[in-house]
Amino acid sequence: MALISLSATAVTLTNGAFHVFPADEIQQALDSAATNSVKTVIVHSGLYRPNSARQALIWLNAKHEGIHLVAEGQVTLSAANASLSDPKSPAYPAIVNHLVYFGSGISSNTVIRGFSLTGANNFVAKGKTRQFEPSTQFETDLFFYTDGGAVKIFGRSYPTLDSLVISNNYSSPCAGGISIQHPEGFTSSNLFVTIRNCQFFDNRAQITGAALDLLEGSSAVVDNCLFVRNTSNLGPDFISLKAGELSFTNNAPLTVFRTSWIIVKNTTFTGNRNGVDDLGSKSIYENCIFWKNELQAGLPAPRYEIQFNPGTIVKNCHFSGIALVEPTAKNNILQVASPDFDSSFAPHSPAYR
């Protein structure tokens with residue numbers, strides 16, 4: 001399999017930014033910004049897709065720290081390239097594992113904003129890993145390659161993701177959307193991935209976290225986001241079966257693993273296969289709407305809005321369906337009236353003001 005053959009198209013540096021157009025390579029602009037005092041890369045309207053089979057469409061690691069990657073107009077990053085994909089492959093037409101990879105050495109000063117990310121379909125390549133992740137501190141595993149069809153965040157990496165539309169991505173075992181894999185045994189109250197103003201539609205996973213999962217030791221803050229029609233548990237949990245552990249049989253579009261934590265604020269979950277399953281004990285859910293997360297897809301199991309462990313804080317949230325663990329914090333509202341969503345899923349019912 002040929003890996004990483006990028007074109008030599010010139011990237012324009014004008015008006016304080018590198019500019020990328022559909023005939024150009026985004027990665028070339030990122031690498032140019034990595035060695036330049038100019039750290040803004042503007043990608044102009046169009047469809048951008050891989051020109052070779054490889055692990056990621058674009059990647060940022062320690063040398064790219066501080067770059068702002070910004071979409072101008074309608075910019076779609078797709079994992080698919082039917083002309084280079086084998087029609088007989090289950091991953092067809094995808095030819096990259098992840099659309100965007102963030103490696104170790106990235107802080108919140110590194111920002112991606114305004115893109116649509118789509119088309120991941122459980123393609124798995126393993127060649128030339130050190131080109132994407134040069135840090136030798138962390139060993140890669142199955143989840144490094146497979147999880148996070150749209151975005152993979154690995155190692156000590158804490159980027160800012162802003163105003164992304166993440167839709168129609170699939171991966172197995174977990175996280176068709178975003179997978180966060182911080183070092184196990186390492187958690188910090190002041191280091192976390194920031195995900196704000198993002199929308200997750202129709203993402204899928206064989207086992208857990210169809211839209212977003214936090215593997216053990218990971219941390220994130222999610223603010224003003226939307227989760228719609230995301231589906232986990234599309235097939236058997238082959239990971240737990242192989243390890244001889246308790247199976248993940250009924251998960252949600254947002255899965256938080258043990259020793260991980262997340263803060264979710266001002267966020268809506270509706271029409272998903274369940275809402276949230278959180279195995280940690282330090283998360284916070286505040287001012288969120290959980291409305292009819294009853295999508296009948298995947299393995300048969302009862303539907304629920306939220307499931308969490310003691311220590312999790314849930315406050316000022318609205319629930320329409322079953323909370324497997326009833327929130328005990330003040331001001332949660334159970335069995336609420338319809339939010340009366342508009343086309344952008346903003347609630348218009350006075351009860352939600």
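User: In which loop does Pro-173 lie?
Analyst: This is a predicted model, in which local features need pLDDT of at least 70, side-chain atom pairs count only at pLDDT 80 or more, and totals for chains, interfaces and linings use all residues. Residues are numbered from 1 along each chain as its sequence is written, and side-chain values use heavy atoms, with hydrogens and water left out. The peptide bond from Ser-172 to Pro-173 is cis, with omega near 15°. Strands are DSSP runs (E, at least two residues), numbered from the N terminus, and Pro-173 lies in the loop between β12 (170-171) and β13.

User: Are Ile-178 and Ile-180 of strand β13 buried or exposed?
Analyst: Buried means under 20% relative accessible area, exposed over 50% and partly exposed in between, with a 1.4 Å probe and protein chains only. Strand β13 (residues 178-181) is covered on both faces, with Ser-179 and Gln-181 on the side other than that of Ile-178 and Ile-180. These four residues are all buried.

User: Which residue of β17 is the bridge partner of Ile-180?
Analyst: Two strands pair if DSSP finds at least two bridges between them. Three bridges link β13 to strand β17 (residues 212-214) in the parallel sense. Within β17, the partner of Ile-180 is Leu-214.

User: Which residue stands opposite Gln-181?
Analyst: Strand β9 (residues 151-154) runs parallel to β13, joined by four bridges. Opposite Gln-181 stands Phe-154.

User: What is the relative accessible area of Asn-287?
Analyst: Asn-287 is not a glycine, yet has a positive phi of about 55°. Its place is the loop between β24 (284-286) and β25 (289-291). Asn-287 is partly exposed, at 36%.
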